[in-house]
2 protein chains.
Amino acid sequence: MASITVPIPTNSNEPILDNGQGVIDPDVYFQINESPADLPEFESKLNTFVDFHKSKGSNVVFITSGGTTVPLENQTVRFIDNFSNGTRGATSAEYFLEAGYAVVFMHRQNSIQPYNRHFTHSQMGFLDYLEPMENGSVQVLSKYAAKMHELLTKYNEAKKSNRILMLDFVTLPEYLFKLQSGSKILARLERKAMYYLAAAVSDFFIPSQKMAEHKIQSRDGGLTLTLDQVPKFLKPLVSNWAAKGLIVSFKLETDSNLLVPKARQALTRYGHQVVIGNMLKTRKQTVTFITQHNQKVLSLSQQQMADGIEIESEIIPELARIHQNWIDSGKTE
Amino acid sequence: MASITVPIPTNSNEPILDNGQGVIDPDVYFQINESPADLPEFESKLNTFVDFHKSKGSNVVFITSGGTTVPLENQTVRFIDNFSNGTRGATSAEYFLEAGYAVVFMHRQNSIQPYNRHFTHSQMGFLDYLEPMENGSVQVLSKYAAKMHELLTKYNEAKKSNRILMLDFVTLPEYLFKLQSGSKILARLERKAMYYLAAAVSDFFIPSQKMAEHKIQSRDGGLTLTLDQVPKFLKPLVSNWAAKGLIVSFKLETDSNLLVPKARQALTRYGHQVVIGNMLKTRKQTVTFITQHNQKVLSLSQQQMADGIEIESEIIPELARIHQNWIDSGKTE
C-alpha cells in the first residue's frame, strides 16, 4: 500500500517547536518554510499603495479571497484544495469601493475578481461576449454592452484613482507569508486598516520535509495521508502584526449547531472584533455577525434574492459602521 | 485526533465487489454511485452532435481536459484536486479543429478553453482588455484587437459549423459517468471516433458512504485520510465502451525513469493504441508517443519555443496520421 508516514500530532499543548508531535507555533512555521519568490515584489507594491493612502487619510481594507492549496507532493501533481471560488471576497471588494475604501485584494490566482466576476466563471467564455467587426475591431455584443459599460467604468475609475491593488497567491505557504507581511505593512495605517479575512485557508498540511518527492504511485491499492494541523495565524495577526486594525474573520460551517459556538470561541481565543458566521448552503442569503458583546443576523428576503440584491450590500455598510466606531474610540483613548 | 477510518485495500487482485478491501470493478462503481443530475442533458446534446457528424462522415475527437476533484466530505468544503489547468486539452482542441475534426470538449468547469485560453488564466482580467466608448458600446483595446479578431473569427466559425461541443464536469464521479456515457454514444462513429484522454483523473477517492457528513473539524491536532484506489476505467473503455475507436491516453510523471515503462505497461494492460508520455517540467516541449510496436519522441527546439510554436502543432498531425491508418485498416478487415 502506498503510504506517507508522518508522525501524528497527539497533543496541541506542546512547546513551541515540537518536531511534528503537535501544532507548531506560527513563528516557527516561518522559520522552517521558505518564503515565496515573489514576496519582495508583493511588499514593494503594497508599500507604495499604503504610503499613498496613508498620506490621503483613506480607510483601507485588506481582503483575502479564494482558497489555498496544500501540495501533497514536492513536485506537485496533487493537492488538497478548499472550496472557494472567491465570490464573497470579490463581491465585497465592490461594496467596499462604493463605501469609499481603498481595497487590497489578495486573492487566489484565477479565482473570482471584482467587476470581472459578472462575466467570468459562468458557462460563457470570454469570446462569447464579443463579435469581430468588419473594420478589424472587436466589440462587446450589444445585448451585454450596457451592463459591461457600467461595470467597466466603475472598475477603471477604481484603478485610475489607485483605490484597488490586486495581489495573488496559490499555496498555503504563499498565503501565510503574504498575510504576515501584508498585515505588518498595513499596520502603519493603524486603526484605519480593516482586515477582511474571507479566504478559505487550509486547516491541514504536510510539512515540506515530510512530503513525497515524486508523484505518489497508485499501483498498490490505497493511500493513507497524515496531515499536520496548520498553526493558528489569527493569534499573532491580532496580537502583533495588526494590533490596531479592525479584524474580521469568517466561519463557514455545514452543521448549524456549531456555527455560533465556534464563532464565539474564535473571538474569545483570538480577541479580535468580528466573526462573520455563515452556513455553506445559505451563505448568500444569511450571515451572523458575532462581536464581543453582540450577535446580529443579516438576512435577505426571498424577494430581495429574486431581485438580485447581494448580502454583501448589507455586510459592508454594517462593517463600515463598526470600523468608524473603532476609529473613533481610538481617538478618545 | 480527527480521523476518517476507512478499510485499507491490501490486494488489488480481489474479486469484483469486495467492500473496500481492494480496488472495485468499474461496473460496480456505477452501481453504487449516483449518476450526476445533468447526465440526461449531457447525453442529449452529445447524441445530437454525434448524429450530425455521423451523417456528414466527419472524424470526431472526444477530448477530456482539466483535473477532477475528489470530495473529502459529503457536504463538500475540502477536496483533493489534480494539477491541471487544462492547457493541453484546450490547445489540442484548436489543432484538431484545424485538422478538420469535430471536437467534443469535455472539460473541468472553469478550466482553460480553446481560443479563450489566449486571454484567460493570465494576470489580466476580462475587463482589462476592454474600454467603454462614448456611444455606450464597449470595445476591445486596439492593441489586442488584431489577435482577438483572428481567434474570435476561428472560434465563431467552429461554432457556426457545429464542429465544437462544450461539455463539463467537476468531480470524479461526474467525470466517470460522463466518460462512460459519452464513449458509448461516440461508439456509433466506430473507427471515426478518437478518444483523447488528456484530463488529469484522480487515482484515489473516498467512497461516498464512508465520507464525513460535515466539514472535518480540526480542533484535535491532525488528520488521517485513507483513500481507496479509483477503478481503472481505461479497461472497459477500450474493451467495451469504445471498442472500435482510436484511444489515446496520457501519462504524466515527475520521475523520468518511470515514464516509458509505465506508459508501455498501460498499453499492455489495456490494449489501446497510443500513450503519450510527458514529464511535468517539460510537457510543453517534449512528448513521447508510445504505440504497440513503436516509440517516438516529438520535441520543440529552443528556437521554436521562443517563437511561440506549440508542441500540440506536432502532436495532432501525428495523431491524425495514426487515426487515418486506423480507419483505413478497418476497411480492409
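A loop can then be placed by the elements on either side: A:Glu190 lies in the loop between helix 5 (172-186) and strand 9 (193-197) of chain A. The model described here is predicted.

A:Glu190 deserves a look for its backbone. Most residues other than glycine have a negative phi. The phi of A:Glu190, however, is positive, near 50 degrees, and the residue is not a glycine. With a relative accessibility of 41%, A:Glu190 counts as partly exposed, because that class runs between 20% and 50%. In chain B, B:Glu190 also has a positive phi, of about 50 degrees, without being a glycine. B:Glu190 sits in the loop between helix 5 (172-186) and strand 9 (193-197) of chain B, and its relative accessible area of 41% makes it partly exposed.

Next comes chain A as a whole. Its secondary structure consists of nine helices and 15 strands. The chain has 333 residues, of which 56% count as buried. Among the contacts in chain A with a separation of 6 or more, 71% are between residues 24 or more positions apart.

A:Ala102 belongs to strand 5 (residues 102-108) of chain A. Its relative accessible area is 1%, so A:Ala102 is buried; the cut-off for buried is under 20%. Apart from neighbours within four places in sequence, A:Ala102 has contacts with A:Phe49, A:His53, A:Asn59, A:Val60, A:Val61 and A:Arg163. A:Ala102 can also be compared in position with A:Ser161: the two are 59 residues apart in sequence, and their C-alpha atoms are 9.4 Å apart in space.

Helix 3 of chain B has twelve residues, which at 1.5 Å a residue should span 16 Å. The C-alpha atoms at its ends are 17 Å apart, which agrees with that expectation. Ten of the twelve residues are buried, so helix 3 of chain B is largely enclosed by the rest of the structure. The buried residues are B:Arg88, B:Gly89, B:Ala90, B:Thr91, B:Ser92, B:Ala93, B:Glu94, B:Tyr95, B:Phe96 and B:Leu97. Just after the helix, B:Gly100 has a positive phi of about 95 degrees.

What does helix 3 of chain B meet in helix 9 of chain B? Two packed helices are described by the angle between their axes and the distance between the axes. Here the axes of helix 3 (residues 87-98) and helix 9 (residues 312-331) of chain B come within 9 Å and cross at roughly 60 degrees. The two helices are therefore oblique to each other, and their crossing is right-handed. On the side of helix 3, the residues in contact are B:Arg88, B:Thr91, B:Ser92, B:Tyr95 and B:Phe96, and they meet B:Glu312, B:Ser313, B:Ile315, B:Ile316 and B:Leu319 of helix 9. By type, the residues of this contact are five nonpolar, three polar and two charged.

B:Ser92 is in helix 3 of chain B and counts as buried, at 0% relative accessibility. Not counting residues up to four places away in sequence, B:Ser92 touches B:Ile63, B:Tyr196, B:Glu312 and B:Ile316.

Terms used: Residues are numbered from 1 along each chain as its sequence is written. Chains are lettered from A and ligands numbered from 1 in the order in which they are written. This is a predicted model: local features need pLDDT of at least 70, side-chain atom pairs count only at pLDDT 80 or more; totals for chains, interfaces and linings use all residues. Side-chain values use heavy atoms; hydrogens and water are left out. Axes are lines fitted to C-alpha atoms, for helices over the stretch in contact, and angles run from 0 to 180 degrees between N-to-C directions. Helices (H or I, at least four residues) and strands (E, at least two) are DSSP runs, numbered from the N terminus. Angles under 35 degrees count as roughly parallel, over 145 as roughly antiparallel, 65 to 115 as roughly perpendicular and the rest as oblique. A crossing is left-handed if the near helix is turned anticlockwise from the far one by less than a right angle, and right-handed if clockwise. Contact means heavy atoms within 4.5 Å. Ala, Val, Leu, Ile, Met, Phe, Trp, Tyr, Cys and Pro count as nonpolar, Asp, Glu, Lys and Arg as charged, and the others, Gly among them, as polar. The expected span of a helix is 1.5 Å times one less than its number of residues. Buried means under 20% relative accessible area, exposed over 50%, partly exposed in between (1.4 Å probe, protein chains only).
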